[in-house]
Amino acid sequence: MSGSEREEARRAGGPGGARDVIAIDGGAGTGKTTSAARTAERLGFTYIDSGAVYRAIAVALRAEGILDPDDARVEGAVRSLPIELRPEPGRFRVFLGARELTGELRTPEISRLSSQLAVRPEVRVRVRALLREAAVRGSLVVEGRDIGTVVFPDAVLKVHLHAALPVRAERRQADLRRQGIDMPAGEVSRDLEERDRRDSTRADSPLRQAEGALVLDTSRCS
């Protein structure tokens with residue numbers, strides 16, 4: 001994180017700025033969504049899945065005919081996309097203009113495109129801005145891959161989850177089946193490995209353990 005980015009994050013949490021934030025980071029299938037949602041419910045905070053914001057950008061760009069994450073049009077388009085987060089008690093809603101985005105955020109196609117787009121700095125800047133705007137409106141539990149390291153470095157609690165790849169693949173496959181999507185286990189595992197590679201090697205805000213984070217291995221958790 002650069003000095004200017006850290007100062008920007010600190011200003012977001014200063015007087016009149018962000019409320020309390022709990023940051024939960026980790027790779028896909030480590031249990032971030034369940035952990036964050038249940039923590040928020042118990043504390044009366046709002047739960048936000050940062051991945052849904054990246055997926056919303058992918059949905060919006062696809063609607064503009066932009067299907068290649070390296071398309072030169074991404075940089076200009078992402079700044080003006082009419083994406084809005086609306087935190088509500090216990091949950092949040094994502095809108096593209098007047099349309100609420102729901103099930104389409106979770107398709108394998110959108111998941112892949114959003115992960116590819118996430119390596120682009122301009123995309124990450126837009127997502128950070130949306131998350132920090134949401135934090136001004138109330139206390140949050142936010143899950144993602146750079147929440148405790150970059151988006152909210154001064155979070156009141158930082159948690160980093162990890163789990164063995166076979167366990168994560170099994171969880172992801174079960175999640176897809178609940179959505180009516182049947183994907184072979186080998187393909188699910190390869191997708192996760194590729195996503196891990198992109199997330200941990202990207203130049204901007206790579207996935208890593210935040211300083212002072214509570215580290216939990218969820219491999220044997222239900």
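Student: Why are α8 and α9 called roughly perpendicular to each other in this predicted model?

Tutor: The axes of helix α8, residues 165-178, and helix α9, residues 185-201, cross at roughly 115 degrees and come within 9 Å. Angles from 65 to 115 degrees count as roughly perpendicular, and α8 and α9 are therefore described in that way. The crossing of the two helices is right-handed.

Student: Which residues make the contact between α8 and α9?

Tutor: On the α8 side the contact is made by L165, R168, A169, R172, Q173 and L176, and on the α9 side by A185, V188, S189, L192, E193 and D196. Contact here requires heavy atoms within 4.5 Å. These residues divide into six nonpolar, two polar and four charged.

Student: What makes up the lining of the largest pocket, and which residues are closest to its centre?

Tutor: The largest pocket, with a volume of about 1,200 Å³, is lined by 47 residues, of which G29, T30, G31, K32 and T33 are the closest to the centre. A residue counts as lining if it has an atom within 4 Å of a point of the pocket. Helix α8 gives the most to this lining, with seven residues, and the lining as a whole divides into 15 nonpolar, 15 polar and 17 charged.

Student: Which element gives the most to the lining of the second largest pocket?

Tutor: Strand β4 does, with four residues, and the elements that give two or more are β2 (46-49), β4 (91-96) and β5 (99-101). This pocket has a volume of about 220 Å³ and is lined by 13 residues, with A52, F92, L101, T102 and L105 nearest its centre.

Notes:
Residues numbered from 1 in each chain as written. Predicted model: local features only at pLDDT ≥ 70, side-chain atom pairs only at ≥ 80, totals over all residues. Heavy atoms only, no water. Axes fitted to C-alpha atoms, helices over the stretch in contact; angles between N-to-C directions. Parallel < 35°, antiparallel > 145°, perpendicular 65-115°, else oblique. Left-handed = near helix turned anticlockwise from the far one by under 90°. Nonpolar A, V, L, I, M, F, W, Y, C, P; charged D, E, K, R; others polar. 1 Å grid on protein atoms, 1.4 Å probe; cavity = no way out; pocket = protein on both sides within 12 Å on 5 of 7 lines; lining within 4 Å. Points joined across faces, edges and corners; volume = space filled by probe spheres on them.
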